[in-house]
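Thanks for coming. I will go through one model today, from the whole chain down to a few single residues. Please look at the sequence and the structure first.

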Amino acid sequence: MHSSSALPAQRKTVCSYPRILWLIRVLFQGGFRLAGWTFSTQPPAERKYVMVVAPHTSNWDFFLMVGLGAALGRQARFMVKDSVFVGPLGSLMRWLGGISVDRGSQNNVVQQMTETFAGTDDMVLIIAPEGTRKAVPRWKGGFYHIAAGAQVPVVPVFLDYGRKQVGFGEPCLPSGDLDADMPVIQQCYADVTACHPEGDSSHPAKLSLSAADVGN
């Protein structure tokens, strides 16, 4: 039996309604193509995984992530700070698959999300690992600890604004060694162009390049 802190994984979202999901998928794919975007690789076959979407440098990334989640044919979920879940906006966010989290309690979030994964057989948790649109020295490790605790793979997904492509990297099942696994996860972002490159921290080489540019 799961503890009462577990989040309601089976709560109905847009992904629970095939006809609505089909309509969103058609609209997303149509708009996606009209804007010149393409998928460079296909989604993985796994039913449960943590999807890390990067680089995250623009508000437009959120809409790409929500549309991408609808196109997966999975129960797509994403975490949003609890202050957003107020009134009608909160209801809409939950219906879209949003999960309210208190960012001040990371360990509790990891435990809750681990239990949420255990309570369902179909779930993709979408996370922007930077946690902000600005460049950061390194990614937050919450997504990794959730995947490790839930024993599900991490699937890296890139948003390449230069080539207007969305692509999926190879799934990485956490070994428990964050420092060893992180370079493997981040490798697919090496040649990706962010919407705002100056805020791109999806790969260590980009941070080094940005620091060099600032120094010149």
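Of the 216 residues in the chain, buried residues make up 45%. Buried here means under 20% relative accessible area, exposed means over 50%, and partly exposed is in between, with a 1.4 Å probe and protein chains only. Before going on, note that this is a predicted model, where local features need pLDDT of at least 70 and side-chain atom pairs count only at pLDDT 80 or more, while totals for chains, interfaces and linings use all residues. Residues are numbered from 1 along each chain as its sequence is written, and side-chain values use heavy atoms, with hydrogens and water left out.

The chain has 7 helices and 7 strands. Both are DSSP runs numbered from the N terminus: helices are H or I with at least four residues, strands are E with at least two. Read from the N terminus on, the order is α-β-β-α-β-α-β-α-β-α-β-β-α-α.

Which residues touch the most other members of the largest nonpolar core? They are Val 50, Phe 117, Phe 143, Ile 146 and Ile 185, out of 27 residues in that core. A nonpolar core is a set of buried Ala, Val, Leu, Ile, Met, Phe, Trp, Tyr and Cys residues joined through side-chain atoms within 4.5 Å. At least two residues of this core come from each of β2 (48–54), β4 (98–101), α4 (106–118), β5 (123–127), α5 (142–150), β6 (154–160) and α6. The helix that gives the most to this core is α5, with 5 residues.

Staying with α5, its buried residues are Gly 142, Phe 143, Tyr 144, Ile 146, Ala 147 and Ala 150. After α5 comes Gln 151, in the loop between α5 and β6. Is Gln 151 buried or exposed? Gln 151 is exposed, with a relative accessible area of 67%. Gln 151 also has a positive phi of about 55°, although it is not a glycine.

The next helix is α6. Its buried residues are Leu 178, Asp 181, Met 182, Ile 185 and Gln 186. These residues cover an arc of only 125° around the axis, so they sit on the same side of α6. The arc is that of the directions from the helix axis to the C-beta atoms. At the start of α6, a side-chain oxygen of Asp 177 comes to within 3.3 Å of the backbone nitrogen of Asp 179. That is a polar contact, meaning a pair of N or O atoms within 3.5 Å; within protein, one must be able to donate a hydrogen and the other to accept it, and residues adjacent in sequence count only if both atoms are side-chain atoms.

Gln 186, in helix α6, is buried at a relative accessible area of 7%. Its side chain reaches the backbone oxygen of Ser 202 at 3.4 Å.

Gln 186 brings us to the second largest pocket. Arg 138, Met 182, Pro 183, Gln 186 and Pro 204 lie nearest its centre, among 13 lining residues. On a 1 Å grid over the protein atoms alone, a pocket is an open set of points where a 1.4 Å probe fits, with protein on both sides within 12 Å along at least five of seven lines; lining residues have an atom within 4 Å of a point. About 210 Å³ of space lies in this pocket. Which helix gives the most to its lining? It is α6, with 5 residues. Both α6 (178–186) and α7 (204–215) supply at least two residues of the lining. The lining divides into 7 nonpolar, 4 polar and 2 charged residues.

A few single residues remain. The peptide bond from Ala 54 to Pro 55 is cis, with omega near -5°, and Pro 55 is in the loop between β2 and α2 (60–71). Most residues other than glycine have a negative phi, and most peptide bonds are trans. Lys 164, in the loop between β6 and β7, is not a glycine but has a positive phi of about 55°. Lys 164 is partly exposed at 34% relative accessibility.

Gln 165 is in strand β7 (residues 165–168) and is partly exposed at 22%. The C-alpha atoms of Gln 165 and Ser 40 are separated by 6.1 Å, with the two residues 125 apart along the chain.

That is the end of the tour.

Technical notes: Grid points are joined across faces, edges and corners, and a volume is the space filled by probe spheres set on the points. Ala, Val, Leu, Ile, Met, Phe, Trp, Tyr, Cys and Pro count as nonpolar, Asp, Glu, Lys and Arg as charged, and the others, Gly among them, as polar.
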